[in-house]
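Please look through the model below with my notes beside it. The points are numbered so that each can be checked in turn.

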Amino acid sequence: MIYNFFIVIIFNIIFLLFYSKIAKLINIYDKGDNLRKFQKNPVPPLGGLIIISNISLFFFINYIFQFNQD
């Protein structure tokens, strides 16, 4: 179980290092409209992708390691 946690942490570090490159590759940005959003520069909305990928990766790795132990 602890190995799964370390694998997810390593995945997070890699993802955070290439965060801006992934946003440029996908070309998805949230631009301010001065009504509800007041940011000056475009912001990549990839936070949900990080959360979903962490949860799914953790459960996938946990399933693989449990399957190999039986």
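1. Accessible area follows the Shrake-Rupley method with a 1.4 Å probe, and for residues only the protein chains shown count as cover; a salt bridge is a side-chain nitrogen of Lys or Arg within 4 Å of a carboxyl oxygen of Asp or Glu.

2. Helix H1 (residues 2–17) gives the largest share of that patch, namely ten residues. Phe5 has its place in helix H1, and Phe5 counts as partly exposed because its relative accessible area is 45%, where buried means under 20%, exposed over 50% and partly exposed in between (1.4 Å probe, protein chains only).

3. The secondary structure comes to three helices and zero strands, in the order α-α-α from the N terminus on. Helices (H or I, at least four residues) and strands (E, at least two) are DSSP runs, numbered from the N terminus.

4. Asn27 is found in the loop between H2 and H3, and since its relative accessibility is 59%, Asn27 counts as exposed. Between the C-alpha atoms of Asn27 and Leu49, which are 22 residues apart along the chain, the separation is 14 Å.

5. On overall shape, the C-alpha trace spans about 55 × 20 × 20 Å along its principal axes, while 17% of the 70 residues count as buried. The protein exposes about 6000 Å², of which carbon and sulfur atoms supply 69%.

6. How far can the model be trusted? The average pLDDT, the predictor's confidence in each residue from 0 to 100, is 81 for the protein, and 93% of the residues score at least 70. Where pLDDT is low, predicted coordinates should not be read in detail.

7. Two remarks on method close the note. Residues are numbered from 1 along each chain as its sequence is written, and side-chain values use heavy atoms, with hydrogens and water left out. As the model is predicted, local features need pLDDT of at least 70 and side-chain atom pairs count only at pLDDT 80 or more, whereas totals for chains, interfaces and linings use all residues.
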